[in-house]
Amino acid sequence: MEKYIYDNSNGLWYELQGDYYIPCMVLPDTKERPIGIWGRKHLDYIKEYRPVLYTDLVLGCKLHSYLADIDAQANAKLALLTKQMAQKEGINELLKAQDQMAWVRAMNNIRNRAEEIVLKELIYGEDMV
């Protein structure tokens with residue numbers, strides 16, 4: 001038996017190992033980008049509620065980059081929403097200097113609301129991909 005064979009029907013090379021031909025497949029090189037909390041939350045969501053999407057991303061070797069993109073989008077949206085809400089509600093450095101606890105309460109409230117928006121629109125959104 002030949003050590004390597006080529007299958008024209010699927011375009012793959014196979015290597016003989018023992019009595020079986022195993023596909024010669026190599027994962028594509030990807031630069032590592034961190035997957036933060038938002039990417040991990042979205043991963044949990046697609047594993048449980050969108051298994052076809054999850055399988056497609058895994059088999060296409062696109063899962064890591066997809067989750068890193070989701071994480072980056074979520075962080076950017078969170079920062080933008082927090083800044084916009086703080087401006088709209090008048091939460092600024094003057095309040096921080098005058099009453100730190102009031103500023104902390106207000107900013108925590110804003111951040112919690114912004115996180116809920118990010119979760120609903122990006123992480124658990126139904127219109128992904």
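Two residues are in contact when they have heavy atoms within 4.5 Å of each other. This model is predicted, so local features need pLDDT of at least 70 and side-chain atom pairs count only at pLDDT 80 or more, while totals for chains, interfaces and linings use all residues. Residues are numbered from 1 along each chain as its sequence is written, and side-chain values use heavy atoms, leaving out hydrogens and water.

Start at V118. Not counting residues up to four places away in sequence, V118 touches W38, A74, K77, L78, L81 and I123.

V118 also belongs to the largest nonpolar core, which has 18 residues. Such a core is a set of buried Ala, Val, Leu, Ile, Met, Phe, Trp, Tyr and Cys residues joined through side-chain atoms within 4.5 Å. Buried means under 20% relative accessible area (1.4 Å probe, protein chains only). W38, I46, Y66, V118 and I123 have the most contacts inside this core. Two or more residues each come from α1 (37–49), α2 (51–59), α3 (63–89) and α5 (100–123). Helices here are DSSP runs of H or I, at least four residues, numbered from the N terminus. The largest share, 7 residues, comes from α3. Another core, of 6 residues, lies apart; A86, I91, M107 and I110 are among them.

Now look at α1 and α3. Their axes, lines fitted to C-alpha atoms over the stretch in contact, are 7 Å apart at an angle of about 125 degrees. From α1, I37, W38, G39, H42, L43 and I46 meet residues of α3 including Y66, I70 and A74.

Conventions:
Buried means under 20% relative accessible area, exposed over 50%, partly exposed in between (1.4 Å probe, protein chains only). Axes are lines fitted to C-alpha atoms, for helices over the stretch in contact, and angles run from 0 to 180 degrees between N-to-C directions.
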